[in-house]
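Me: Please give me a close look at one part of this model: the places where its pieces touch. Keep it brisk.

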Amino acid sequence: MGLPVDESALLAGLRERDEQAFETIVRTYGPRLLAVARRLVRDEGEAQDVVQTAYLSAFRAVEQFEGAAQISSWLHRIVVNTALMKLRTRRRKPEESIEPLLPSFLTDGHHVEQFSDWSAPADVLLERKETRAIVRDHIDQLPESYRDVLILRDIEELSTQEVADALGLTPTAVKVRLHRGRQALSTLLRHSFLRNVTS
Amino acid sequence: MTCREFSDFIGDYLTGDLPATVRAGFEHHLDLCPNCRRYLRSYEETVKLGRHAFDDQDALLPPEVPEELVTAILAARLR
């Protein structure tokens, strides 16, 4: 994240209320934090609001920051939590069902669909310039409550418990949403990366 | 174990959270069912692609935050 910085010196500066330290922390970590906020709230203005609110919370809480974690991880966590609060205050549109994107089964429990292997493994697909944009586009197509959990767990790498706390869900509900979100994403990606047309 | 049950257990299987008896049943089904093997592979590839979906954007982050945002944050701190 950004240029190498002397985090202990930066932290000492923040605790001493050194103006230069505040500016350094904003300029050093801001681009990455803004990217995280954009991913979650998907609106430039709201993402900037999230980053501003998160920095102000961090500045107020600097005395409680023990320094055991990296400043970058600490700020990341605050931005994620701030973005989630923003998401909660939004009036969500009625969400589309995820069911059509989940695998379907016959009465005897077998899959309806016969699956095929993809045209190439993920590692190879990731070497192609367009792959990540395709994946992001499909992530955006997921129903919001599944998309949020998938981003928080698989991309922002929060733990199940952290996501559960942040979203007011049980850990089991987080696991279920993550699994269904991945299944739905897999269905969408299959059409982009399939080797053969399946029945 | 049916394909439906297998499908439900994939997440916990990949994180090592399945109880031993369920895991044995899962792996037995995996041996027997080529369709579920392909499904599991596509699920794993999906997770991998998802995890790396934003790498290029993160690598190309603009070196600076918008100047007006820096100013707004620093000004708000003093209020």
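Reply:
**Contacts within and between the chains**

The centres of domain 1 and domain 2 of chain A, taken over C-alpha atoms, lie 28 Å apart. The model is predicted: local features need pLDDT of at least 70, side-chain atom pairs count only at pLDDT 80 or more, and totals for chains, interfaces and linings use all residues. Residues are numbered from 1 along each chain as its sequence is written, while chains are lettered from A and ligands numbered from 1 in the order in which they are written.

Domain 1 of chain A covers 7–89 and domain 2 covers 99–193; these bounds come from an automatic or database domain assignment. Each domain puts 7 residues into their contact. Two residues are in contact if their C-beta atoms, placed from the backbone, lie within 7 Å. On the domain 1 side, α2 (19–41) and α4 (71–89) of chain A each give two or more residues. The largest share of that side comes from α4(A), with 4 residues. Helices here are DSSP runs (H or I, at least four residues), numbered from the N terminus. By class, the domain 1 side has 5 nonpolar, 1 polar and 1 charged residues. Ala, Val, Leu, Ile, Met, Phe, Trp, Tyr, Cys and Pro count as nonpolar, Asp, Glu, Lys and Arg as charged, and the others, Gly among them, as polar.

Now the chain pair. 39 residues of chain B are in contact with 45 residues of chain A. On the chain B side, α1 (3–14), α3 (34–51), α4 (55–59) and α5 (67–78) each supply at least two residues. α3(B) gives the most, 13 residues. That side of chain B counts 18 nonpolar, 9 polar and 12 charged residues.

The axes of α3(A) (residues 44–60) and α5(B) come within 10 Å and cross at roughly 35°. Axes are lines fitted to C-alpha atoms, for helices over the stretch in contact, and angles run from 0 to 180 degrees between N-to-C directions. The crossing is right-handed, with the near helix turned clockwise from the far one by less than a right angle. From α3(A), the contact uses A:Q48, A:V51, A:Q52, A:Y55, A:L56 and A:F59. From α5(B) come B:L69, B:A72, B:I73, B:A76 and B:R77. These residues divide into 8 nonpolar, 2 polar and 1 charged.

Last, confidence. Chain B has a mean pLDDT of 91, and 96% of its residues reach 70 or more. pLDDT is the predictor's confidence in each residue, from 0 to 100. The model scores ipTM 0.86 and pTM 0.83.
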